[in-house]
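Hello,

Here is the structure I promised to pass on to you. Have a look at it first, and then read my notes below.

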2 protein chains.
Amino acid sequence: MKKTKIGIGFIGFGTVGQGVWKHLQAQREELETRLGLEISFPRVAVRDLTRERGVSVPAEVLTADPMEVVNDPGVNIVCELMGGTTKAKDYTLAALKLGKVVVSANKALIYKFGREVFEAVKTFGGHYYFEASVAGGIPIIKTLREGLVANRFESIAGIINGTCNYILSRMEAEGKSYEEILHDAKKLGYVEADDRLDLDGWDAFHKAVILAFLAHGKWVSENDALVEGIRNVTLEDMHRARDFGYRIKLLGMIRRNFKTGALSLGVYPALIPLDKTLARVDGVYNAIKLSGDVAGTTILIGRGAGQDATSSAVISDIVDAMIGIRDDAHKFLTPSDIDACYRLGETARMATMDEIRSKFYLRISILDEPGTLVGFYSVLAKHGVSVARVVTYEHPGERRGTITLATYPTSEAVMERVVEELKTLPQILTAPLLLRIYEPTHE
Amino acid sequence: MKKTKIGIGFIGFGTVGQGVWKHLQAQREELETRLGLEISFPRVAVRDLTRERGVSVPAEVLTADPMEVVNDPGVNIVCELMGGTTKAKDYTLAALKLGKVVVSANKALIYKFGREVFEAVKTFGGHYYFEASVAGGIPIIKTLREGLVANRFESIAGIINGTCNYILSRMEAEGKSYEEILHDAKKLGYVEADDRLDLDGWDAFHKAVILAFLAHGKWVSENDALVEGIRNVTLEDMHRARDFGYRIKLLGMIRRNFKTGALSLGVYPALIPLDKTLARVDGVYNAIKLSGDVAGTTILIGRGAGQDATSSAVISDIVDAMIGIRDDAHKFLTPSDIDACYRLGETARMATMDEIRSKFYLRISILDEPGTLVGFYSVLAKHGVSVARVVTYEHPGERRGTITLATYPTSEAVMERVVEELKTLPQILTAPLLLRIYEPTHE
């Protein structure tokens, strides 16, 4: 039997690209025999041809022009690992239009242009794999789409930004401030050049949108989601959370009510009960908890980023892609599969702020004078918010106090009104900090 | 385009079979559209035709003869959910010989006859899927073979018997004896009819063997493995373990040294450090920790058994099988894939007892008299075993004491000699209990 020839090209050859290259070179022979293929690496596009690299690539393979990779007739699989959403999009669509397979870790691109990308897959018969776009070494997309295919997911909760988890974990473990640890994290190269992606929750948001699309068939836009980062979380909040029985993690939260159709998506720092697995996932680790209607709770934990973890995911996609090319049959993201995804979305609608309910954590800084607490609690009472736990403390030598509290379940809408009204009280010194308390339904 | 017709037959229609039936009926239309198939359920073999069932199956579909399912020309996929290893094997091989696909949750069968089953797949072109055989709702086989395909696994550690985990968790939480909780577990139907499968570690052993074969290409026989159950673990041991910083779980442990080729497989109650995720997986939950050379540590947690969790796994296999039939291309367990598995095994050899090293926990009951401790410690010293921590305590009103200790790392061979020699000491009242201490290398 004649062996299928597979050519793998790279667009973008930074840390991840080189990691994939290194591991694939080491595993090529084994993969060739196992899959009955001939694997080659005909073309690699780099930004700077003269740069020293950690892996050795034959000079004739290198090019500075990504379109040479796309157009090379020997390349069937294009690994888009350059990032960004402008040029990367052009190359991705160009490759798909040629019927090629694109393997990508580019969550921002999928968030912005997933619809177009999948449309191009449908129209031109190419294919798109993106396991590495969410949660690095954790095979979450495969698990969601294949391993747990029998399930509908009432909730998906994930720690899906390793940088934030690293910062929060170290703040708590070392008792250091956000600024101090952030400084370290930047030095270690853990923070994206545009630090808003990590720190303001956008990276986690992009990943959550991908999971929500796969699970519920809706592309959630940023206007329909709560997206908050970790900049306002203080050590004080962490200590208070622990007193209350929680730890604070940046959480991506997707909830679906299959009775009402309501879908909600949020990324925010959340208080997670201490005894839950998610509360104990620290450092650069990611974790995703899936609550399925058949399998129940499944939790996956693994490295969220880094050269090797991401390479592992990219390689698993490449292997799937090679098998798909060999058999001329890609398993998922076929046209009928894409249609089925959108069909799922037809029964979904974005939840209103009244429908999104949870317990909340509130921290507020107040002027220390008679009557302040009455004013404060009156606002809560007026909006029907019950308080489960509260700690109020003074700041010696200052004429101010801090109130921290945990509420009973109420809605986002109510809490928004509470916060707005609190801001108008004369004794309130700074805007209140509002965090959500995560309450696992299963487990 | 003409739609592929897929007929799904059942052999064995107990809890799991009915669960699969129920969920597949509910999802049939959606699956048909998504996959572009026509799905039917032509034949179901049950033990007793007259029995009332939780799901309604058309009378003409039912049969008491499993061979009618195997031979029905409308059945492409045979779900073997009857269990056992004698008749189940005959039906499985008969279906494979007809080139059909068998989906199975039968770990004992795979342990005993996996080699034959895979050989039949190679010879007759049928196919075999067995995700549900290990760890119920956790897609561990897919993760091992696909999601983490880029990795070689230095260690795989799993809580893979839900019954034992349930018993140990409840003993500890409620401070009740093994016998008491076992009694409850039996009443709840959590224990296999042949209770040795659960309690003596054989069920976990079968599952570990499957994972070891997939990861390392070797079928490990019971003569080459350490298999110990939970019958000798007492509440006392649990309390002592906690003092030492551990919890006791029944662990399946597969270790491979890629430098020396040494492979070891064991199932035994192990002390797991309290701060590790595995130590916190309780009740009927299963968990598997994979240490890969590319992705690092990945942990999967989920329900290990029960109708729904197992159904979820069976259905994911059925979906894979349907796609494989539709495209005439099954992704894994192709002949070259099976060969590749065995080739992996060529570089593996079973580790010797000298090579298998860990820390150990030892409990021993001694006569309370001068000199006993000297005799005891002399045995340890003679064999070069260093003690990390020890607690010795009296039993008021009795002339006996108990020694519990944790050692520094040493080998199985050494500890075997230590235990043998301890047994010969005149002051030793009962055979020593020896447990292993799990030390994660990664994480």
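Two strands pair if DSSP finds at least two bridges between them. Strands (E, at least two residues) and helices (H or I, at least four) are DSSP runs, numbered from the N terminus. This is a predicted model, where local features need pLDDT of at least 70, side-chain atom pairs count only at pLDDT 80 or more, and totals for chains, interfaces and linings use all residues. Residues are numbered from 1 along each chain as its sequence is written, while chains are lettered from A and ligands numbered from 1 in the order in which they are written.

Now to the pairing: strand 12 of chain A and strand 12 (residues 296–303) of chain B run antiparallel, joined by 5 bridges. There, Ile299(A) sits opposite Ile301(B).

How many residues does each chain bring to the contact? Chain A gives 45 residues and chain B gives 45 residues, with two residues in contact if their C-beta atoms, placed from the backbone, lie within 7 Å. On the side of chain A that touches chain B, helix 11 of chain A provides the largest share, 9 residues.

Chain A itself is divided into domain 1 (4–135 + 308–346), domain 2 (140–303) and domain 3 (357–437), with bounds from an automatic or database domain assignment. The C-alpha centres of domains 1 and 2 of chain A are 27 Å apart. Between these two, 18 residues of domain 1 of chain A touch 22 residues of domain 2 of chain A. Helix 4 of chain A gives the most to the domain 1 side, with 6 residues.

Enjoy exploring!
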